[in-house]
Amino acid sequence: MLTTRCLVVGEALVDVVDGVPHPGGSPMNVAIGLARLGLDTRLLTRIGDDEYGRLLVDHLIREGVALSASSLRGGERTSRATAVIGADGAASYDFDIEWALSESAAMAEAAEADVVHVGSIGASLEPGATAVHAMLRMVSSRSLRTYDPNIRPALIRTRAAAVARVEAIMASSHVVKLSDEDADWLYPGRGIDEVLAHVLARGARVAVVTRGGIGCTLAISGGGQPVVKQAIPVSVVDTIGAGDAFMSGLVYGLVSGGLVSALTAEVFAPAADLLSALDRVVDTALASAAVAVSRAGAAPPRLEELAQRSAS
């Protein structure tokens, strides 16, 4: 296992698909993806003491993800999302979720982490979102901060406030990953290259927009024109957790490639070798997503599966 300590902060919930409960939630999926790839991973979340909560805790234990003690909430119910799978394998969700987080617990957990990942509902839904943002601003300058907004329009009350919150977190993050749906919702009418330039202008050093079966586009602050990467051809079973598998593959690639210090340096000056290394990192992320969509549910790859897919 790599010695880098990863903290993931955000929601854990149960996805109910065709009446069957499955462990889910974007941040929890990312945490499991990181653990499967051999990273020392801890999850700070909110889990109730009900049947669904026990399902989530058992799942995290099996997957080797450490769970912050403050994540367990006595007398509360576990959040859930009912998923509907379309003919194209894409999933839509109906949410029943609450999100609250102790700011002091978040600060304490982040103080021990080398990488801090936040995102999705946990970074947007109050009252917990305020604590997430406060934590991210206070994280050590040596810690890599990554962010996936994973916009859920059904849970957003005020668009302007939501966009402002997303952009504030972008400004506190080194790496930002958007899906093309996120980009369209946040910045309607703008092209991918324009969106990436906007994200970098907010303060991120690396920005990626994923584009489903097309692939993704990567941009680096001061690194020239965006780079388009093609998706790995694969037979798609469903897309549940695909973006999360891309995200965990991206973080793993950054860590295993020794890029954390370069991305967190006080002065960021991307040299040719860094650009080449980031190109390989994105290949790793695409391979991770390809494994996930080739099987049902949120199922990120283990290290040997990632290696096999990357080699092929």
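**Helix packing, sheet and cores in a predicted model**

Helix 1 (residues 26–36) and helix 8 (residues 242–256) pack at an angle of about 45°, their axes lying 8 Å apart. The model is predicted.

User: Which residues of helix 1 and helix 8 meet?

Analyst: From helix 1 come Ser26, Asn29, Val30, Gly33 and Leu34. They meet Asp244, Met247, Ser248, Val251 and Tyr252 of helix 8.

User: How do you know that Ser288 is buried?

Analyst: Its relative accessible area is 0%. Buried means under 20%. Ser288 is therefore buried. Ser288 sits in helix 10. Leaving aside residues up to four places away in sequence, Ser288 touches Ala245, Phe246, Ser248, Gly249, Pro301 and Leu306.

User: What makes up the largest nonpolar core?

Analyst: This core has 47 residues. Those with the most contacts inside it are Leu43, Phe246, Leu250, Leu254 and Leu278. Helix 10 (residues 272–293) gives the largest share, nine residues. Another core lies apart from it, with 43 residues, including Ala113, Ala131, Val139 and Leu196.

User: What does Leu278 touch?

Analyst: Leu278 touches Val206, Leu218, Ile220, Leu254 and Leu259, not counting residues up to four places away in sequence.

User: What makes strand 6 and strand 15 edge strands?

Analyst: The open sheet has nine strands in the order 6-4-1-10-11-12-13-14-15, with mixed pairing. Strand 6 (66–67) and strand 15 (227–230) each have a single partner strand, so one side of each has no neighbour in the sheet.

User: How do you know that strand 13 and strand 14 pair, and in which sense?

Analyst: Pairing needs at least two bridges. Strand 13 (residues 206–210) and strand 14 (residues 215–220) have five, in the antiparallel sense. Val206 stands opposite Ile220 of strand 14.

User: Which strands does helix 3 lie across, and at what angle does it run to strand 4?

Analyst: Helix 3 (residues 103–110) lies across strand 1 (2–9), strand 4 (39–44) and strand 10 (115–119). Helix 3 runs at about 175° to strand 4. Angles over 145 count as roughly antiparallel, so that label applies here. Helix 5 (residues 159–171) also packs on the sheet, touching strand 10, strand 11 (144–148) and strand 12 (175–179). Its direction makes about 155° with that of strand 11.

Methods
Residues numbered from 1 in each chain as written. Predicted model: local features only at pLDDT ≥ 70, side-chain atom pairs only at ≥ 80, totals over all residues. Heavy atoms only, no water. Core = buried A, V, L, I, M, F, W, Y, C linked by side-chain atoms within 4.5 Å. Buried < 20%, exposed > 50% of the residue type's maximum accessible area, 1.4 Å probe, protein only. Helix = DSSP H or I, 4+ residues; strand = E, 2+ residues; numbered from the N terminus. Contact = heavy atoms within 4.5 Å. Axes fitted to C-alpha atoms, helices over the stretch in contact; angles between N-to-C directions.
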